[in-house]
Amino acid sequence: MTTDAFLQCLHRFIARRGRCRTIYSDNGRNFIGARSGLRELGLLLDSRAHHDRIIDTLAQERIAWHLIPPSAPHFGGLWERGVRSVKTHLKKVVGEQRLTYEELYTILTQVEACLNSRPLHPISTDPNDLNPLTPGHFLIGDALMALPQPDLTNVTETRLNRYQLVQKTIQHFWKRWQREYLHGLQQRHKWRTDSPDLIRIGAMVLLREDNLPPLQWRLGRIIDLHPGPDGVTRVVSVRTAHGTLKRPVKKICVLPDAEDANHSPT
């Protein structure tokens with residue numbers, strides 16, 4: 001919790017991910033009102049010397065840093081919601097476990113991989129292409145992968161060694177976070193009341209399925225619509241890498257594409 005520690009963290013980030021042009025983050029002054037253990041941190045963040053040294057370092061690296069207003073996490077929008085989701089699930093799955101530094105670092109790294117594996121957008125408009133764009137493509141140029149592991153979610157912890165305990169924690173986190181992410185993806189489409197019907201032939205979709213291993217997503221393309229007597233489509237046929245499936249609309253999540261962006265409200 002010092003200026004040196006912060007700058008070392010910044011240099012580690014640049015060494016791993018490369019130099020960025022812009023950084024968006026919370027406002028450090030949120031800690032100023034903290035008491036007891038965070039009092040010294042609040043004084044540090046309010047220190048002029050601290051700010052001057054950070055600004056000089058950022059100027060040398062040609063990085064622009066944008067801070068959201070204090071006590072206004074809604075200015076962070078989607079990233080703040082993602083941070084809250086991760087913290088909530090992480091606290092639940094870790095619970096009262098006493099983890100070593102290596103174990104906690106492994107869990108956090110695999111949690112990072114889970115988040116960076118999420119499909120964002122179809123890579124192409126080819127109806128035969130089932131590959132989505134993910135945050136991993138911006139980091140390593142390809143989708144992130146995970147080593148295959150046996151399902152340990154229902155195994156009693158007393159029967160597990162420390163390595164298996166870490167993997168069970170990751171698997172529990174993945175199940176909780178993936179379920180919430182898919183639910184949020186469905187809800188997000190409801191905000192766009194001016195957009196046309198999203199359920200259309202050729203659209204790339206995520207299938208909501210339980211018991212998928214970490215970093216695995218079931219993707220497909222809609223190839224047929226099955227409207228009911230009232231003309232409303234509630235069932236679709238989806239072509240996946242493992243064949244054609246028929247699924248209700250509530251079990252799929254449509255990924256936004258270029259056509260959706262053109263119809264999105266301003």
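Strands E6 and E7 form a hairpin with five residues between them. Glycine 231 sits in that turn with a positive phi of about 85 degrees. Strands here are DSSP runs of E, at least two residues long, numbered from the N terminus. Two strands pair if DSSP finds at least two bridges between them.

This is a predicted model, in which local features need pLDDT of at least 70, side-chain atom pairs count only at pLDDT 80 or more, and totals for chains, interfaces and linings use all residues. Residues are numbered from 1 along each chain as its sequence is written, and side-chain values use heavy atoms, with hydrogens and water left out.

E6 and E7 run antiparallel and are joined by seven bridges. Aspartate 224 has serine 237 in E7 as its bridge partner. E7 covers residues 233-240 and pairs with E8 in the antiparallel sense over six bridges. Arginine 239 stands opposite threonine 244 in E8, and valine 238 stands opposite leucine 245 in E8. In a regular strand the side chains alternate between the two faces of the sheet.

On to strand E5. E5 (residues 204-207) pairs with E6 (residues 219-227) over three bridges, in the antiparallel sense. Leucine 206 has leucine 219 in E6 as its bridge partner.

The whole sheet is open and has five strands, in the order E8-E7-E6-E5-E9, with antiparallel pairing. E8 (243-248) and E9 (252-254) stand at the edges with a single partner strand each, so one side of each is left without a neighbour in the sheet. Neighbouring strands are turned by 45 degrees against each other on average, direction ignored. The axes behind that angle are lines fitted to C-alpha atoms.

Next, the second largest pocket. A pocket is an open set of points on a 1 Å grid over the protein atoms alone, where a 1.4 Å probe fits, with protein on both sides within 12 Å along at least five of seven lines. Its space is about 470 Å³, counted as the volume filled by probe spheres set on the points. The lining has 22 residues (an atom within 4 Å of a point). Nearest the centre lie Pro132, Leu215, Gln216, Trp217 and Leu219. By class, the lining has twelve nonpolar, eight polar and two charged residues.

Finally, confidence. The chain averages a pLDDT (the predictor's confidence in each residue, from 0 to 100) of 82, and 85% of the residues score at least 70. Over residues 190-196 the pLDDT is below 50. Where pLDDT is low, the predicted coordinates should not be read in detail.

Note on methods. Contact = heavy atoms within 4.5 Å. Nonpolar A, V, L, I, M, F, W, Y, C, P; charged D, E, K, R; others polar. Helix = DSSP H or I, 4+ residues; strand = E, 2+ residues; numbered from the N terminus. Axes fitted to C-alpha atoms, helices over the stretch in contact; angles between N-to-C directions.
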